[in-house]
Amino acid sequence: MKIYKIITPFIFFFLLLTQTAFAVDFYWKSTGRADQNYTNAANWESAPGSGVPANGALAPQSTDDVYFPVGNTAQTITIGSGAAARNFNVLATGIITFTSGTVSNYGNFASNGKHMFSGGIVFSFLGTGNHTINMGDNAVHSTSATFSFAGTGTYTLLSDLNLP
């Protein structure tokens with residue numbers, strides 16, 4: 001019995017160390033959101049229109065991919081604090097305005113141009129390795145938006161970055 005008591009904590013510790021972070025796909029709900037806050041897990045689902053939570057009670061993390069899919073009409077999303085994503089994808093039907101807070105992005109940014117950064121938002125690119133930024137053809141960003149590059153990675157801009 002003594003061996004069991006000694007080995008059990010070591011096995012548990014080993015299992016914790018070997019856990020790998022898996023990316024989860026988060027899709028912003030087109031309808032039925034709790035509010036307009038990026039960090040509210042109730043606003044995300046595992047596939048467009050599924051209604052199934054993306055990752056339980058968690059909002060997107062630095063290893064997760066986020067999508068604002070077709071079907072999302074014009075709206076303003078409050079970023080707040082603690083917002084993160086690996087890859088950030090905007091494919092919405094209407095203009096999505098992101099405001100008030102900081103997004104920590106660790107991968108690519110891709111948009112069809114249906115987005116706007118406004119209201120003091122900070123979009124921080126923090127990745128390592130090679131990444132791309134495609135703002136799309138129609139995106140316009142407020143002069144109160146800040147883009148920062150603090151990671152050790154390389155980012156390639158694939159489109160124009162339009163500022164008023």
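The following legends accompany close-up views of a predicted model.

Figure 1. In general, the strands of a sheet pair through backbone hydrogen bonds, in either a parallel or an antiparallel sense.

**Figure 2. Strand β10 and its two partners.** Strand β7 (residues 109-111) pairs with strand β10 (residues 130-134) in the parallel sense, over 2 bridges. Within this pairing, F109 stands opposite I133, and A110 stands opposite N134. Strand β10 also runs parallel to β12, to which 4 bridges join it; the bridge partner of N130 in β12 is T154.

**Figure 3. The largest nonpolar core.** This core has 28 residues, and those with the most contacts inside it are Y38, F68, F88, F98 and F117. At least two core residues are supplied by each of the strands β1 (25-28), β3 (65-68), β4 (75-85), β5 (87-90), β6 (96-105) and β9 (122-125). The largest share, 4 residues, comes from β4. In soluble globular proteins, nonpolar side chains tend to be buried together.

**Figure 4. The surroundings of F88.** F88 is one of the residues with the most contacts inside the largest nonpolar core. When neighbours within four places in sequence are left aside, F88 is in contact with Y38, V66, F68, F98, V103, N105, N108, F109, A110 and F123. Among these, Y38, F68 and F98 are also named with F88 as having the most contacts inside the core.

**Figure 5. The aromatic pair of W28 and F68.** The model holds 21 aromatic pairs. In the pair shown, the ring centres of W28 and F68 are 5.8 Å apart and the ring planes lie at 40°, so the pair is tilted. W28 belongs to strand β1 and F68 to strand β3, so their pairing ties together parts that are 40 residues apart in sequence. W28 counts as buried, at 0% relative accessibility. F68 likewise counts as buried, at 0% relative accessibility.

**Figure 6. The salt bridge of R86 and D65.** A search of the whole structure finds 1 salt bridge. R86 forms a salt bridge with D65, and the closest N and O atoms are 2.7 Å apart. Since R86 lies in the loop between β4 and β5 and D65 in strand β3, the pair ties together parts that are 21 residues apart in sequence. R86 is partly exposed, with a relative accessible area of 32%, whereas D65 is buried, with a relative accessible area of 7%.

**Figure 7. T152 in its loop.** T152 is located in the loop between β11 (146-149) and β12. With a relative accessible area of 71%, T152 is exposed. Not counting residues up to four places away in sequence, T152 touches G127 and T128. T152 and G129 are 23 residues apart in sequence, and their C-alpha atoms are 7.3 Å apart in space.

Notes: Residues are numbered from 1 along each chain as its sequence is written. This is a predicted model: local features need pLDDT of at least 70, side-chain atom pairs count only at pLDDT 80 or more; totals for chains, interfaces and linings use all residues. Side-chain values use heavy atoms; hydrogens and water are left out. A nonpolar core is a set of buried Ala, Val, Leu, Ile, Met, Phe, Trp, Tyr and Cys residues joined through side-chain atoms within 4.5 Å. Buried means under 20% relative accessible area, exposed over 50%, partly exposed in between (1.4 Å probe, protein chains only). Contact means heavy atoms within 4.5 Å. Two strands pair if DSSP finds at least two bridges between them. A salt bridge is a side-chain nitrogen of Lys or Arg within 4 Å of a carboxyl oxygen of Asp or Glu. Rings of Phe, Tyr and Trp (its six-membered ring) pair if their centres lie within 6.5 Å; planes under 30 degrees apart count as stacked, over 60 as edge-to-face and the rest as tilted.
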